[in-house]
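Let's take a quick tour of this structure, starting where the chains meet and then zooming in. Keep the 3D view open as you read.

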Amino acid sequence: MDSLAGKKPLVVWALNLSVLALVLLWIFPTLGLFVSSFRTNEQITSSGWWASLFPAEQTLQLRALDPDDFRIETATGVFTVEGNLFEEGEAADISRWGTSSRAPDAYAVGETADLGEGETITLATDGAYIWQGNDDQISGRGQRMFVVATVPPEFTGDNYNNVLFSPTNSENMAKAFFNTLTVVIPSTIIPILIAAFAAYALAWMDFPGRALLIAAVVALLVVPLQLALIPLLSLHNAIGIGKGYLGVWMAHTGFGLPLAIYLLRNYMVGLPRDIIENARVDGATEFQIFTKIILPLSFPALASFAIFQFLWTWNDLLVALVFLIDSSGQTTVMTKQIVELLGTRGGDWEVLATSAFVSIAVPLLVFFMMQRYLVRGLLAGSVK
Amino acid sequence: MHPALLGVVTIVIGVTGCVGYFYGANLLLDKVLFPAAGPNIGRNINRREAIRPWIFLFPAMLGLGLYLAYPVFATLRLSFLERIPGNEYVFVGLKNYRQMFAEDKFMEALRNNILWLVVVPAASTAFGLLAAQLTDRLRWGNIAKSIIFMPMAISFVGAAVIFKLIYEARPEDVAQIGVLNALYMQFGGDTPQQWLTIPFWNNFFLMAVLIWIQTGFAMVILSAALRGIPEETIEAAVIDGANPFQIFFKIKVPQITSTIVVVWTTITIATLKVFDIVFAMTNGQWETQVLANYMYTKMFVARDWGIGSASAMIIMLLVMPILVWNVYNARKEMR
Amino acid sequence: MKRSLYIGVATAALTAGLAHADGHLAGETITVAGPWLSPEADRVEAVFDLFEEQTGATVTYVGSDSFESQIVIDIEGGSAPNLAVFPQPGLAADLAAQGHLTPLAEGSADWIRENYAAGQSWVDLGTYADATGADQLYGMFFRVSVKSLVWYSPENFEDAGYEIPETMEELIALSDQIVADGETPWCIGLGSGAATGWPATDWVEDLMLRTQEPSVYDDWVSNDMPFNDPKVIEAVETFGMFARNDDYVAGGAAGVASTDFRDSPKGMFDSPPQCYMHRQASFIPAFFPEGTVVGEDADFFYFPAFEEKDLGKPVLGAGTLFAITNESEGAHALVEFLRSPEAHESWMAAGGFLSPHLGADLSSFESDAERAVNEILLNATTFRFDGSDLMPGGIGAGTFWTGMVDYVGGASAEDVTTSIQESWDALK
């Protein structure tokens, strides 16, 4: 395998670097999503995700404690509120500060700001402040303060907590997870089985009308899903299937078939003719040839199609909405649950980012498992 | 019943039903209807071999016919009809088609779709082939592959957010949250650009999303094909002193041409149906309309079924060249 | 047979006022489909819980983010839920014309006229032609929103010494004042994924009501007056005076079309602020930065009318309506239940709900701010429904949206309105 690589170190280097470049280009967008899934909505919309990896200078808007509860009369008619802008353990390095949105960086740290008519406020580097004034001034809401501070990188696991474990949601997520599996597994296996038989017939059996059928399969590849929905739902209702698992399996099977047949037939046509001819001469029936020779040889193609069909059905929302999810609320799937979390107006980037990673986990696991079967040994070994 | 248990039971019923059909039908054919024994052995074998292809094909044909062919004919019919109040239809001939071709938005969609058809399959296949070949030789090739494959597993909604984090523009004096604008400003751009609103070029920004997703598909299929090339062929070339580029272009690529064609065709078809990306990111505004989104808008927003169906027929029509070419290939193989 | 018998019984029960008899619907399941997802979905389910307690029926609600296409697919495919919650009267009217909706029980129109503020207008909005062309009442409005609001940060206004404008003239003067101070007055964002452009239609509708008589607005919405009439062009250009003015909008005019409407208001709370005002409907606080308290950190004022035009205090609003898509006894009973004040009060208390129901107790509101919005609704001299929701889908959720994006992008108001009118002609 490394016959080339062993010989020319320069080539090896170039190879490694170019793959690295390609990989970086491809992972960069996903990485952005991944980092974002650990940030709050506000952070996502206020600074670039790459900036979150480093300490950054930010203008924060904070508020002094509520005078009604915390003010102390330090001298006759002089009221004071003392406190710290930061909670224990989340201190930031303050460089400038201010009290008006027009000039958020008016004062240096340690300086005392004069708010007029004797009202003053002083802020120290660690966020401790002293706010002083008369009865009227120290009332209402806590004084708004702006600080320009260097904030260390901050990440939160709340998004994952919210998507996976929040009490209102976790039960539905668990239900949706099993429902999704119930939809996906048969919807992956059935079309592969049906398509493999059909692909073999189209590749290696002689019968009238074969070319026509192949043409039909290719033509049907392009049928836009959206246009099939209403006629098919009417059909399901007419024959009494209605909305349910049976319907959604059949729909996924129908929609997945053309690509499955197309991919598998093209792969099977490429198998060595001799093996099949020899088997026929040896008196094997077509059914035996198919199960004993073709299926094992086609494993890489079957595995790759399985991965894709799995992914499509896993990520599908449209077909599930039309053929499965009825108003009973029992037949929800993962994608539906995630859309639900996004809320009516869908502005929650952090939930989107997080749920994208939650839903990607299973397909990736499947890919890693199936990858073993895609290796060359299987095919090369049986040809020899 | 517990949902997990219910799931398992239904899965077992569904899958065994399917396996049972193929096994049972073949058994019936071989042992009961036309046994390879008795006086008519020759005739029996001929007959059963004539019937068997149809046993193999029957479930697939049923599925294709019911789930794809039937809706196509239903749509074809609808494209010549117009709905009038009271849920009735009247025949209007080619009126829907004429009306559609007179629309600027439709012509724009047609033009853009052709652009997509040229760029996306070519770029995805090229990147996929490159990735398949390069990673094949590396120790960490599987990791690299998984990363390039990962976009396939991300739903379109997720992809739309990802690329929002790339294309987003913020006012000049605020921190940029889109990578492209952050870079652009870093390297001397004057004002942040609204990438998705720049006519013509925005099509390419949208295509980048699909290329990013489809490359994983191309890579996996092509990688399987590359591994199918007999070891001896390559070893022979190495002994003959061929360099890696010669081996790749002269030996490997010709061997997997048929797979490249399949990948190309599949991605072309996926491109023809591209809907979610455009729908989620621009909804066809700023001159980025494509046919599938045009169809969706006509069907479910304007609820004009006649024109919606007519535009679906145009999508079908666009695949004709691929269709003819595939049939030509299939006939060639048979000889 | 059995079904029509049930309906007979149901009508009898309703007219006899027995709708609230305990448990008379025990065992019946009523399915409802609508556009609400969480958290609204939880709130509407709380309303249904009350109904379940009273009647013993089971109500299941399923929300969808693509409700409009979903309900069409389900109805055409024969899997309609019992009730559907329509965010737009236009879609309900289309389905009614195709014979897919069932008229509400007799007497509903009279009840709405008597018990809703501006009752007749709600009846009109829920009345559509059936398959034979005869007008029937199909829609019961439940939950409305007010769109004519301008949001701002009181403390930022205080810092800069700005006053709340009482007239449109003052609002424009304030905008100019902010520009003169070297700041930007407005945050406007039209981005909304597939629905990009809709916030601009609200602006134009609001400005139509502030430049023209309500009857002109009605003619425009029904297309009795062409879309490219000079009166409409004037309103569009008034919007352009705000949105196409680089000095007026944060990020400049170029950013308006692609800035997401959900991100747009956040600019008011940045430090220093990117802008000072944001015109948007009553739902928008959901997209303010976390922890923003409406009434303290953020507040709103009525989007004022031109003093010189003397058009009173017009208010633009919208609302969702319940319609029966698959008739059953329970479906009628549930619509009947929506008449009761407690149905309205339950959601009022949860927040994000306005109601024209005169009998509902306003003290149920979760916050003073919402009570204040509801008062704007009840005090309006003119109330008009969001015009784009009343136009055919292809216009109100199609070319009107895209046309406004083109306009903000630099196309002329004449060209844009003319092409919208052409697309309307094509639909006829």
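First up, the meeting of the chains: 98 residues of chain A are in contact with 92 residues of chain B. Helix α5 of chain A (residues 167-204) gives the most to chain A's side, with 16 residues. That side of chain A is made up of 72 nonpolar, 23 polar and three charged residues. Bear in mind that this is a predicted model.

**Domains of chain A**
- Chain A splits into domain 1 (9-51), domain 2 (55-151) and domain 3 (161-383).
- Going by C-alpha atoms, the centres of domain 1 and domain 3 of chain A are 30 Å apart.
- Where these two touch, domain 1 of chain A puts in nine residues and domain 3 of chain A puts in seven.
- On the domain 1 side of that contact, α1 (9-36) and α2 (41-46) of chain A each supply at least two residues.
- That domain 1 side counts three nonpolar residues, five polar and one charged.

**Strand β7 of chain A and its neighbours**
- Strand β7 (residues 120-123) of chain A has A:Ile121 and A:Leu123 on its covered face, while A:Thr120 and A:Thr122 sit on the uncovered one.
- Strand β6 (residues 112-114) of chain A runs antiparallel to β7(A), joined by three bridges, and A:Thr112 has A:Thr122 as its bridge partner.
- Five residues lie between β6(A) and β7(A) in their hairpin, and A:Gly116 in the turn has a positive phi of about 95°.
- β7(A) also pairs with strand β8 (residues 128-133) of chain A, antiparallel and over four bridges; here A:Ile121 stands opposite A:Trp131.
- This second hairpin, of β7(A) and β8(A), has four residues between the strands, and A:Gly127 takes a positive phi near 100°.

Definitions and conventions:
Residues numbered from 1 in each chain as written. Chains lettered and ligands numbered in written order. Predicted model: local features only at pLDDT ≥ 70, side-chain atom pairs only at ≥ 80, totals over all residues. Nonpolar A, V, L, I, M, F, W, Y, C, P; charged D, E, K, R; others polar. Domains from an automatic or database assignment. Buried ≥ 20, exposed ≤ 12 C-beta atoms within 10 Å, placed from the backbone. Pairing = 2+ DSSP bridges.
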